[in-house]
Amino acid sequence: MGDYHGEMNSGNYLKWVQNQSIPNLPPKSVVVLDNAPYHNVQLNRPPSSNAKKDTMKEWLDSRGQQYSSKETKIELYEKIRRHKEARYLDFSDEEMYA
């Protein structure tokens, strides 16, 4: 078998998991994954400091975080940085194989 890593990305991997892997798993199977980048796609990723101010506000709103309309982009990002805790980090494999 050749090296498929050059052809694999998160989109192809997710499609394979949904169409090939999960449907063919026997009940009570255990799935072990390595740390290939496409195995750990973060969902709902927090905005970066380069994101638009509206994007930052939407992210804070979706998590019930309050902010003032007068806050600067730098202030909003500081709130994002404080609130992007592990509880907001959703990874695709955890949901698909649950």
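**Close-up views of a predicted model**

**View 1. Lys57 lies in helix 2, the element that spans residues 53–62.** In this predicted model, Lys57 is buried and yet has no salt bridge. The nearest side chain of opposite charge belongs to Asp54, at a distance of 4.6 Å, and a salt bridge is counted here when a side-chain nitrogen of Lys or Arg is within 4 Å of a carboxyl oxygen of Asp or Glu. Once the neighbours within four places in sequence are left aside, Lys57 is in contact with Tyr67 and Leu76.

View 2. One of its members, Ile22, is placed in the loop between helix 1 (10–21) and strand 1 (42–43). Is Ile22 buried, partly exposed or exposed? With a relative accessible area of 32%, Ile22 is partly exposed, because the partly exposed class holds what falls between buried, under 20%, and exposed, over 50%.

**View 3. The whole chain, shown for orientation, contains four helices and two strands.** Read from the N terminus on, these elements follow the order α-β-α-α-β-α. The chain has 98 residues, of which 27% count as buried, and its accessible surface comes to about 7400 Å², with 49% of that surface belonging to carbon and sulfur atoms. When contacts between residues at least 6 apart in sequence are considered, 57% of them join residues that are at least 24 apart.

Notes
Residues numbered from 1 in each chain as written. Predicted model: local features only at pLDDT ≥ 70, side-chain atom pairs only at ≥ 80, totals over all residues. Heavy atoms only, no water. Buried < 20%, exposed > 50% of the residue type's maximum accessible area, 1.4 Å probe, protein only. Contact = heavy atoms within 4.5 Å. Areas by Shrake-Rupley, 256 points an atom, 1.4 Å probe, with all protein chains shown as cover. Lys, Arg positive; Asp, Glu negative; His and termini not counted.
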